[in-house]
Amino acid sequence: MPVVDYLVLDGEPHLSARQCRGCDAVYFDRRNACAKCFTTEFTPRRLANTGCVRAFTFVHRVKRPFVSAIVDLDGGGVVKANLLGFGAPEDVAPFVRVELTTFVVGTDDEGSNAIAFGYKRAEEAA
């Protein structure tokens, strides 16, 4: 079970967004109207699994620090997600190529897995 509605796990995991029919703006959340052109019609759009880091920060407020990033997806779309496999600040920089990956974040009492997504360096993603 995906932890967010826009993570699609059927077949190859990928992100799915809503694209405005008027101006092609892309949104992950449900919208009554486009924030750019006010059109009320949207179509589903499969987003690329690859992109590059636009900006990032290391979060140290927890026992296990992590990297939060903004990723510009190839072909359009921007997503905020965690980077995986970047252990030190010098390991990541803007424009680093990354690829979507999924992982289990928990299991309920019935054995169903909760699946989240993040991004790994493109050559490391499985």
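This is a predicted model: local features need pLDDT of at least 70, side-chain atom pairs count only at pLDDT 80 or more; totals for chains, interfaces and linings use all residues.
Reader: Which residue meets E41 in a salt bridge?
Author: The N to O distance of this salt bridge is 3.4 Å. The partner of E41 is R21.

Reader: Where do E41 and R21 lie, and how many residues apart are they?
Author: Strands are DSSP runs (E, at least two residues) numbered from the N terminus; helices are H or I runs of at least four. E41 is in the loop between strand 3 (26-27) and strand 4 (42-46). R21 is in the loop between strand 2 (14-20) and strand 3. The pair links distant parts of the chain, 20 residues apart.

Reader: Is R21 buried or exposed?
Author: Buried means under 20% relative accessible area, exposed over 50%, and partly exposed in between (1.4 Å probe, protein chains only). E41, at 46%, is partly exposed. R21 has a relative accessible area of 52%, so R21 is exposed.

Reader: Which residue forms a salt bridge with D29?
Author: D29 is partly exposed at 39%. R31 is partly exposed at 28%. Their side chains meet at 3.1 Å, N to O, and the partner of D29 is R31.

Reader: Which strands hold D72 and R54?
Author: The side chains of D72 and R54 meet in a salt bridge of 2.7 Å, N to O. This pair links distant parts of the chain, 18 residues apart: D72 sits in strand 6 (residues 66-73), and R54 in strand 5 (residues 50-59).

Reader: What is the relative accessible area of R54?
Author: D72 is partly exposed at 22%. R54 is also partly exposed. Its value is 45%.

Reader: How many disulfides does a search of the whole structure find?
Author: A disulfide is a pair of cysteine sulfur atoms within 2.5 Å. The search finds zero.

Reader: Which cysteine sulfur is nearest to that of C37?
Author: C37 is in no disulfide. C37 is partly exposed at 29%. The nearest cysteine sulfur is 3.5 Å away and belongs to C20.

Reader: Is C52 buried or exposed?
Author: C52 has 18% relative accessibility. C52 therefore counts as buried.

Reader: Which residues does F117 touch?
Author: Contact means heavy atoms within 4.5 Å. Residues up to four places away in sequence are not counted. F117 then touches V4, Y6, L7, L15, V79, A81, L100, T101, T102 and F103.

Reader: Where does F103 lie?
Author: F103 is partly exposed, with a relative accessible area of 30%. Its place is in strand 8 (residues 97-107).

Reader: How far apart in space are S16 and F28?
Author: S16 is in strand 2 and is partly exposed at 22%. S16 touches Y6, V8, F28 and R45, not counting residues up to four places away in sequence. S16 and F28 are twelve residues apart in sequence; C-alpha to C-alpha, the distance is 7.3 Å.

Reader: What is the phi of D24?
Author: D24 lies in the loop between strand 2 and strand 3. D24 is partly exposed at 49%. D24 is not a glycine, yet its phi is positive, about 70 degrees.

Reader: Where is F95, and what is its phi?
Author: F95 lies in the loop between strand 7 and strand 8. F95 is exposed at 65%. This residue other than glycine has a positive phi, near 75 degrees.

Conventions:
Residues are numbered from 1 along each chain as its sequence is written. Side-chain values use heavy atoms; hydrogens and water are left out. A salt bridge is a side-chain nitrogen of Lys or Arg within 4 Å of a carboxyl oxygen of Asp or Glu.
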